[in-house]
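Keep the sequence and the model at hand while reading.

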Amino acid sequence: MNSLSSSSLLALLLLHFCTSSAISSTTTSTTATTTISNRVNGGDLEDSQQLIHSDDDSDSDSSGNSSSSSSLTTTTTTTTTRQPLHLEAAARRTRVRSAQCSLYTGCQQLAGNCCPTDTNVMLYCCNSPMVVTPPTPAPIPAPTRRPTPQPIPQPIPTPPTSTNDDTAAFCTSHSNCPNVDVDCCPTQVDGFYMDCCDNVPPTTDTDGGDGDNNNVFDRPTPSPTSTPPRDPLLPPTTTTSNPNNNSLGPNVYMIDPESWTTNDIQSLFDSLYKKQVNNEMGTERYAIYFAPGTYGSPTAPLLLQVGYYTEVAGLGANPTDVIVYGKIEVYNRCFVKKDFFQEGEFIPTDGSGHCIALNNFWRSLANLQIHIITPPQQDFCRGQANFWAVSQASSMRRVSIVGGKLSLMDFCTNPAYASGGFMADTLVQGQIENGSQQQWISRNIEVQNGWSGAVWNQVFVGSIGGLSDASFPDPPVSTVADTPIAREKPFLVMVRQGQANNSNGKMKMAVFVPSAVANTRGVSWKSNQRTATPGKLLPLEDFLIATPSTLAQEYRLALGQGKHLLFTPGVYNIYDTIRVERAHTVVLGLGHATLIARNGVVPLQTLDAEGIILAGITIDAGPDAVSPVLLQIGNRSQLPSSPATSNPNHPITLSDVYIRVGGPYVGKTNIALEINAHHVLIDHTWIWRADHGIENFDKSDGYGGDNERWRSNVGVNGAIVNGNNVVAMGLFVEHFQQHNLIWNGDNGKVYMFQSELAYEPPSQMDWTQQPSGILGYEAYKVGDAVQNHYLLGGGVYCYNRNNPDIVTERGFAVPKGRSGIVLEHIMTRNLSGPGIIRSIVNGIGPQVDSNNRGPYYLDRYASIDYPTRFSNGISAPFQTGKEEIETPAVFAANQAESSGASIQKGNPRGIIWTIALASMISIVLALR
């Protein structure tokens with residue numbers, strides 16, 4: 001996102017006025033329902049809330065095939081008769097190997113019972129005639145300046161994974177694989193180690209080749225068996241162990257009300273926040289969990305601040321099981337100067353300088369109740385709300401807030417810009433102050449005292465008490481009455497062993513996996529609902545507890561056993577693709593666990609198998625080679641001819657999955673996210689090619705090093721969706737070197753899309769489509785073969801700081817003449833001066849540039865009949881949109897009409913915010 005200039009005195013006064021005298025836009029549930037009852041949300045789901053699958057997925061066999069009913073209304077579990085384990089294992093091995101062998105080429109002739117002898121493959125082979133030894137990773141050199149520009153590599157196929165002669169020996173080292181033959185591990189051992197002969201290279205270099213065993217890019221070494229060292233930040237009254245003796249690592253803090261005092265808790269948070277408040281590009285990761293109970297008190301409230309890469313969550317079954325008296329907050333970061341070249345210089349405490357939330361990324365809050373009590377150390381301004389001033393990759397889920405207001409901006413320091421964000425399954429008893437949040441998506445929230453304000457693109461899906469979109473774009477709000485399909489993110493819980501009424505039973509940790517549900521409204525966990533959040537419990541014993549030193553073969557063996565994956569907080573170097581093949585597998589990251597692609601691998605890949613869940617993980621492009629993809633869902637060769645094994649009632653789900661190219665280090669990939677499966681649900685993602693970082697680029701080479709950034713941080717496309725029936729809620733994709741998003745699958749639905757075009761193309765030639773010659777790459781492109789597609793609430797922004805003459809023809813592009821393609825409430829905006837977007841979609845809509853920055857909106861674009869109206873977003877009346885609208889004469893006339901009408905219509909708060917923002921967002925982007 002962009003960072004913006006400081007304001008004039010008048011703008012600051014206006015900003016203060018609009019925050020201190022906000023006009024509440026309280027909307028009752030009845031009004032909201034009436035307003036949005038006709039909103040398109042797909043039309044293919046029932047009208048009432050329905051459970052998509054039962055709380056128990058035990059009806060799925062070991063191959064991942066489900067025997068559950070396909071009916072959305074079914075809540076019962078059908079039991080099937082399983083084959084004997086050795087027959088089941090043999091069938092499973094045949095299916096999986098057959099699918100995997102078809103992915104790869106490179107082997108001439110194979111023998112044995114793995115891949116067929118007439119298949120030119122090398123992966124999953126027991127008797128390969130050729131052996132390829134993986135190269136030793138080279139040390140990571142210090143960043144150097146490239147003497148000549150490098151072209152963007154074309155997409156490359158995934159390289160075959162190598163095998164070696166030591167695989168048989170590896171099999172014999174495991175008790176469940178006592179014998180080895182051409183079938184790898186024998187079928188009589190129930191198939192758990194069916195892949196133990198596959199791709200297990202000897203580990204000869206454990207530190208990445210540099211010998212220091214101390215680099216973020218070092219190869220992992222086996223996990224030590226000794227107890228991890230005690231963290232110096234831990235209060236002396238506690239230990240790092242967990243109730244079930246499953247260590248989650250030294251960076252996971254388990255707080256309970258018996259052994260932690262209020263001072264202990266405050267000291268821990270203060271210490272971590274001091275480390276993390278400005279650690280935007282650092283490698284430290286933390287998770288802090290509260291056992292069920294009450295913390296702080298009305299007379300001794302807590303003031304807990306959340307910094308970078310920090311997860312804070314309760315361990316109860318419901319948010320109200322953990323009550324925190326006080327506040328849990330995020331404030332602006334205050335920088336010394338707003339100049340891009342002063343990155344890293346900040347004033348963390350005194351509130352002076354350039355104070356913004358635009359870079360407040362990578363943190364989360366979940367599953368607890370905040371009873372707002374103002375701590376005595378806070379002044380009057382801070383006492384007005386609980387502040388959650390965040391931007392992308394910062395989620396709030398399953399939170400109950402009582403006793404006061406929640407503010408999504410920090411209005412106590414200026415200019416206070418924010419660029420979030422995502423909130424789901426959350427209840428706020430007071431008011432929510434949107435403030436300066438440029439865009440935001442709220443899914444299944446309840447606001448009892450109203451939502452105040454909107455800036456550019458605020459979207460409410462299945463929510464109660466938000467704003468109405470009846471007068472769009474004043475305010476610029478989009479609403480959907482019911483969430484068409486939802487699945488809450490899995491989360492850790494603390495449960496008691498034995499019977500539920502056994503108060504003396506031992507407490508254990510587990511993962512609660514919510515079920516997928518259709519047509520929901522409001523939070524899932526309120527006690528007066530018919531049922532609490534539907535789902536199932538998975539004990540931690542069912543997970544591989546991964547650390548940064550977990551080896552590739554450990555992932556393969558655990559997944560082959562049918563285990564789930566849990567990444568503890570840390571940074572993981574991934575040298576071999578982690579492949580998730582079994583249906584209903586859960587991959588959960590704690591504390592923003594981060595996977596780095598090494599040597600050009602695809603770090604994480606899934607089959608097109610129903611019910612797989614990926615949640616809470618960040619994936620980084622690596623610096624040493626170009627990865628073809630960073631996260632691949634399904635096999636592209638399966639589409640479109642092969643039938644998909646995914647299930648509309650058990651969607652593959654991505655929750656809080658973030659992907660990054662550049663920033664902490666140089667990153668290289670062709671595609672960040674590729675979806676080749678049908679029936680996938682994206683529930684909040686940020687896919688970011690970094691517009692700022694600490695890669696040590698030559699700041700004299702383009703604007704702040706942008707020429708070198710363009711050559712070095714390779715990121716061609718942000719997301720490519722090839723599967724059908726994919727639904728995305730909260731899709732943030734930014735700064736890629738071609739299209740940020742390409743949607744080729746049919747019947748896709750997107751609720752809230754936010755996208756900034758690349759900041760730094762050095763020349764128009766670098767930013768021109770070939771061979772068509774179209775100027776620039778649309779941020780949102782729907783493929784020519786698509787017949788049905790729906791988008792609600794989309795924004796595309798430009799800021800060409802490296803070359804102000806760069807032109808982008810259009811923000812959105814869709815095929816014409818398709819009655820099933822509809823875009824509603826879409827907009828373009830010039831952020832801070834340089835850069836041009838000539839039209840909103842397909843040549844329709846006015847140009848944004850340094851003189852006419854917008855935002856400009858289209859209320860509705862139907863591919864077959866063109867849009868019916870557009871607006872400049874301040875408060876002007878709608879005007880008829882036609883193809884000729886972008887001609888200079890028509891554009892000038894529309895501008896005059898809009899500017900004259902804007903002073904006469906709309907609520908005062910919207911006008912004040914627009915004027916204040918226009919006066920403050922004017923010179924350069926700072927620290928972005």
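Which residue in S12 stands opposite glutamine 369? Serine 400 does.

This is a predicted model: local features need pLDDT of at least 70, side-chain atom pairs count only at pLDDT 80 or more, and totals for chains, interfaces and linings use all residues. Residues are numbered from 1 along each chain as its sequence is written, and side-chain values use heavy atoms, without hydrogens and water.

Helices (DSSP H or I, at least four residues) and strands (DSSP E, at least two) are numbered from the N terminus. Two strands count as paired if DSSP finds at least two bridges between them. Strand S10 covers residues 363-372, and eight of its ten residues are buried. Buried means under 20% relative accessible area, with exposed over 50% and partly exposed in between, for a 1.4 Å probe and protein chains only.

Strand S12 (residues 394-402) runs parallel to S10, joined by eight bridges. Strand S6 (residues 310-314) is also parallel to S10, through four bridges. Here valine 312 faces leucine 365 of S10. Strand S7 (residues 322-329) has four bridges to S10, again parallel. Isoleucine 323 stands opposite glutamine 369 in S10.

Isoleucine 633 has isoleucine 675 in S36 as its bridge partner.

**Helix H6**

Helix H6 (residues 552-560) is largely enclosed by the rest of the structure, because seven of its nine residues are buried. Among them are Tyr555, Arg556 and Leu557. Glycine 562 follows H6 and has a positive phi, near 90 degrees.

**Aromatic contacts**

The whole structure holds 25 aromatic pairs. Rings of Phe, Tyr and Trp (its six-membered ring) pair if their centres lie within 6.5 Å; planes under 30 degrees apart are stacked, over 60 edge-to-face, and the rest tilted. Two pairs are listed here.

| Pair | Type | Centre to centre | Angle between planes |
|---|---|---|---|
| Phenylalanine 269 and phenylalanine 290 | stacked | 6.1 Å | 20 degrees |
| Phenylalanine 567 and tyrosine 572 | edge-to-face | 5.1 Å | 85 degrees |

Phenylalanine 269 lies in helix H5 (residues 262-276) and phenylalanine 290 in strand S3 (residues 286-290), 21 residues apart. Both are buried. Phenylalanine 567 and tyrosine 572 are buried too.
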